[in-house]
Structures are given as structure tokens and as C-alpha cells.
Amino acid sequence: MSAYDQRSLETLAAQVGRLLVASEELLATAESCTGGWLGQCLTAIAGSSRWFDRGFITYSNNAKSEILGVGDDILAAQGAVSEATAAAMALGALRRSHAAWAVAITGIAGPDGGSPGRPVGTVCFAWAGPQGRVDTANCRFQGDREAVRAQSVAHALQGLLQRAGRGLG
């Protein structure tokens, strides 16, 4: 079981929303292993249409490539669960939206799909901001599938709070 429940995730989402309203900026999401859970948390906040532009759920490599423009070369060389893929997803979400900020999540939630180099619980993130700046992170979360996914949503939101709060661009 994750330390993050739906209420705590929505509390983080509301904090992100307040920052974006204050800066008059929009957010887009690109999700793989979380399957839209991040977008669901964001849109659970009343008034989120003022700051949430759109979300992309790109679970397969084909979707990452076709919808977000993630290069086949990146997917072949780095794999779907990599910081390079997360960065390409976030930049693709920016290009295909009206948002100033984008966050991408791609990982292995389990219980299957892990490998020695990328065990279950490995999740990669990217936060893209104004002027094309991209920050990435690679995390290893513990727990079952739900716990890994919840921790992923929380980490993505916390990363937005840190970056948008500092006005990184």
C-alpha cells in the first residue's frame, strides 16, 4: 500500500493548480505507466480548466512515437523506460498543446515487465518548462503496482511544485 492516497494526491494537484493560476500558465501531461491517474488528479480539482490544457496517455511505444513524436531511435537505443524517452514525451506534450509546462511519466509498475537493468518500480520522469528547459529523474519505487503508480503521480506533482514554484524556464 502506498503512503499516497487519492486525497493526498489531489491536495498536491490543487497546489500545482494554484501556482499555475498565479503565473497564468497551462500544464499538459504525458503518461505511460500511470495510465491517466495524474490527469485524473488534476481534473478532480474544481476550476482545473483554467490551468490544465490536456493529457496524453501513451502506453505503447507506437503511441509515444505517433502521438508525442518520440523518436524510434530513442526508443530503440534507450528503451521506453528511460530519461531520454521521458524528456521526449514531455517536449512532445509541449509541442502538441498550448501549455507552458509538461510532465511525463514512463515506468514499470509491475508486477511483471522488469529486468535486471530496469527492475519493477523503475520510473522515469521529465518536466519541461517555458523556453524548452527539461529536467529528468529516474526513481525506484517499492510496493505493489498501485503503490508504484501512486508514488509516481506524487513525484510528478512534487516535481512540478518545485520547478513551477521557482519559475524555471
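**Overall form and local features of the predicted chain**

The accessible surface of the protein chain comes to about 7600 Å², and 48% of it belongs to carbon and sulfur atoms; such areas come from the Shrake-Rupley method with a 1.4 Å probe, and for residues only the protein chains shown count as cover. The model is predicted, and local features need pLDDT of at least 70, side-chain atom pairs count only at pLDDT 80 or more, while totals for chains, interfaces and linings use all residues. Residues are numbered from 1 along each chain as its sequence is written, and side-chain values use heavy atoms, with hydrogens and water left out.

Of the 169 residues in the protein chain, 51% are buried (buried means under 20% relative accessible area, exposed over 50%, and partly exposed in between, with a 1.4 Å probe and protein chains only). A compact globule of 169 residues would have a radius of gyration near 15 Å, and the value of 15 Å for the protein chain agrees with this; the radius is taken over C-alpha atoms, and the globule rule is 2.2 Å times the number of residues to the power 0.38. Along its principal axes, the C-alpha trace spans about 45 × 35 × 25 Å.

Turning to the fold, the protein chain has 6 helices and 5 strands, which run α-β-α-β-α-α-α-β-β-β-α from the N terminus on. Helices (H or I, at least four residues) and strands (E, at least two) are DSSP runs, numbered from the N terminus. Strands β4 (residues 122-128) and β5 pair in the antiparallel sense over 7 bridges, where pairing requires that DSSP finds at least two bridges between two strands. Val123 stands opposite Cys139 in β5.

Thr85 is found in helix α5 (residues 83-95) and counts as buried because its relative accessibility is 0%. Beyond its neighbours within four places in sequence, Thr85 is in contact with Lys64, Val70, Ile74, Leu75, Gly79 and Ala80, contact meaning heavy atoms within 4.5 Å. Glu24, in the loop between α1 (6-23) and β1 (27-31), counts as exposed because its relative accessibility is 75%. Phi of Glu24 is near 55°, a positive value in a residue other than glycine.
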